[in-house]
Amino acid sequence: MIKEFKEFLLRGNVIDLAVAVVIGAAFSAIVTSLVQDIIEPIIAALFSAEAISKVTVTIGSAELGVGAFVGAIINFIIVGFVLFLVVKGVNAATSFKKPKEEVVEEAAPTAEDYLKEIRDLLAKK
């Protein structure tokens, strides 16, 4: 059982997944910093607020704190777009590695072909 566990851990997929998680965490920190330190202050300045988390919308007597939500949406969009680009790049890179095999389909026999076979079989009898 320990041997199987060792083989499982040392397979390429597990190691690739571990590397992807570490790189993803580092990338997430970069995107979070970009959003919190650059994009959110710009949005806060547009709304004349000292921080985006203090941007609120007043509806009647209720105040909705939408700043943190907007920050999370921006963060999600950036991560999603970069992930889209990475997947698109990987798909393009792997399509060059594997040559596409041409599938040659044989023409399906027609009714005339079947009739000729029946004629030939009857002629043999």
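**Stop one: the surface patch**

Select Leu34, Ile38, Ile42, Leu46 and Phe47: together they form a nonpolar surface patch with about 520 Å² of accessible area. Areas here are Shrake-Rupley with a 1.4 Å probe, and for residues only the protein chains shown count as cover. This is a predicted model, where local features need pLDDT of at least 70 and side-chain atom pairs 80 or more, while totals for chains, interfaces and linings use all residues. Numbering starts from 1 along each chain as its sequence is written, and side-chain values use heavy atoms, leaving out hydrogens and water.

Now click Phe47, in the loop between α2 (12-46) and β1 (56-59). Helices (H or I, at least four residues) and strands (E, at least two) are DSSP runs, numbered from the N terminus. Phe47 counts as exposed because its relative accessibility is 54%, and the cut-off is over 50%.

**Stop two: Ala44**

Select Ala44 next. Leaving aside neighbours within four places in sequence, Ala44 is in contact (heavy atoms within 4.5 Å) with Ala49, Glu50, Ala51, Ile52 and Val55.

**Zoom out**

Show the whole chain: 4 helices and 2 strands, running α-α-β-β-α-α from the N terminus. The C-alpha trace spans about 100 × 55 × 30 Å along its principal axes.

Terms used
Patches are made of residues with over 30% relative accessible area and no salt bridge: like charges are joined within 9 Å, nonpolar side chains (Val, Leu, Ile, Met, Phe, Trp, Tyr) within 5 Å. A salt bridge is a side-chain nitrogen of Lys or Arg within 4 Å of a carboxyl oxygen of Asp or Glu. Buried means under 20% relative accessible area, exposed over 50%, partly exposed in between (1.4 Å probe, protein chains only).
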